[in-house]
Amino acid sequence: MSIQTHPALLLLLLAAAAAAAGMLRFAVTSIIARYWGVQFPLATLLVNSSGALAIGVVAAMPDLSTLGLIMMVGFLGSYTTVSSFSLQTISLWQSRHYQQAMLNVGLSFGLCLSLVWCGYAAGGLLW
């Protein structure tokens with residue numbers, strides 16, 4: 001009896017993973033905002049970069065299991081977000097913080113792409 005043969009169980013696991021990730025994201029962003037402030041979207045950068053590293057590790061699994069897919073789609077898909085990054089970048093730009101907006105774009109893309117690559121390389125060593 002595999003999870004793949006039970007779509008209802010798969011959907012339940014995806015929903016549970018997404019809910020857990022949403023709560024973790026809220027906790028991380030709240031803690032970072034409390035200590036760092038919101039003048040630069042550091043919390044979103046940290047969440048997205050740690051998610052990028054994690055998805056690289058999971059994606060490197062030689063036989064991506066149902067659990068791996070649940071982690072990538074349910075957990076990491078909910079934990080990381082492009083929408084927050086996009087909104088925060090536009091808000092910085094509209095408030096004339098052009099350098100911070102461009103720094104956010106550069107760091108987010110450069111750091112996250114690099115960390116997916118690092119995670120994939122590390123996952124290749126683990127798996």
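Mentor: Happy to. A disulfide is a covalent bond between the sulfur atoms of two cysteines. To count as one here, a pair of cysteine sulfur atoms has to lie within 2.5 Å. This is a predicted model, and the structure holds zero disulfides. Take Cys112 to begin with: the nearest cysteine sulfur belongs to Cys118 and is 12 Å away. Since a disulfide calls for sulfur atoms within 2.5 Å, a separation of 12 Å leaves Cys112 in no disulfide. Looking from the other end, Cys118 has the sulfur of Cys112 as its nearest cysteine sulfur, again at 12 Å, and is in no disulfide either.

Their surroundings are worth a look too. Cys112 has a relative accessible area of 14%, and because buried means under 20%, Cys112 counts as buried. Cys118, at 37% relative accessibility, counts as partly exposed.

Helix H5 covers residues 98-126, and its partner here is helix H4, residues 82-94. Their axes come within 7 Å and cross at roughly 155 degrees. Angles over 145 degrees count as roughly antiparallel, so H4 is roughly antiparallel to H5. The crossing of these two helices is left-handed. On the H4 side, the contact is made by Phe85, Thr89, Leu92 and Trp93. H5 answers with Tyr98, Gln100, Ala101, Met102, Asn104, Val105, Ser108 and Phe109.

The crossing of H1 and H2 is right-handed. Arg25, Val28, Thr29, Ile32 and Trp36 of H1 meet Leu42, Ala43, Thr44, Leu46, Val47 and Asn48 of H2.

Stepping back, the whole chain has five helices and zero strands. Its C-alpha atoms fill a box of roughly 55 × 30 × 25 Å along the principal axes. Of the 127 residues, 28% count as buried, with Cys112 being one of the buried residues. Among contacts with a separation of 6 or more, 70% are between residues 24 or more positions apart. The chain exposes about 7,900 Å², and carbon and sulfur atoms supply 75% of that area.

Key: Residues are numbered from 1 along each chain as its sequence is written. This is a predicted model: local features need pLDDT of at least 70, side-chain atom pairs count only at pLDDT 80 or more; totals for chains, interfaces and linings use all residues. Side-chain values use heavy atoms; hydrogens and water are left out. Helices (H or I, at least four residues) and strands (E, at least two) are DSSP runs, numbered from the N terminus. Buried means under 20% relative accessible area, exposed over 50%, partly exposed in between (1.4 Å probe, protein chains only). Contact means heavy atoms within 4.5 Å. Accessible areas come from the Shrake-Rupley method with a 1.4 Å probe; for residues, only the protein chains shown count as cover. Axes are lines fitted to C-alpha atoms, for helices over the stretch in contact, and angles run from 0 to 180 degrees between N-to-C directions. Angles under 35 degrees count as roughly parallel, over 145 as roughly antiparallel, 65 to 115 as roughly perpendicular and the rest as oblique. A crossing is left-handed if the near helix is turned anticlockwise from the far one by less than a right angle, and right-handed if clockwise.
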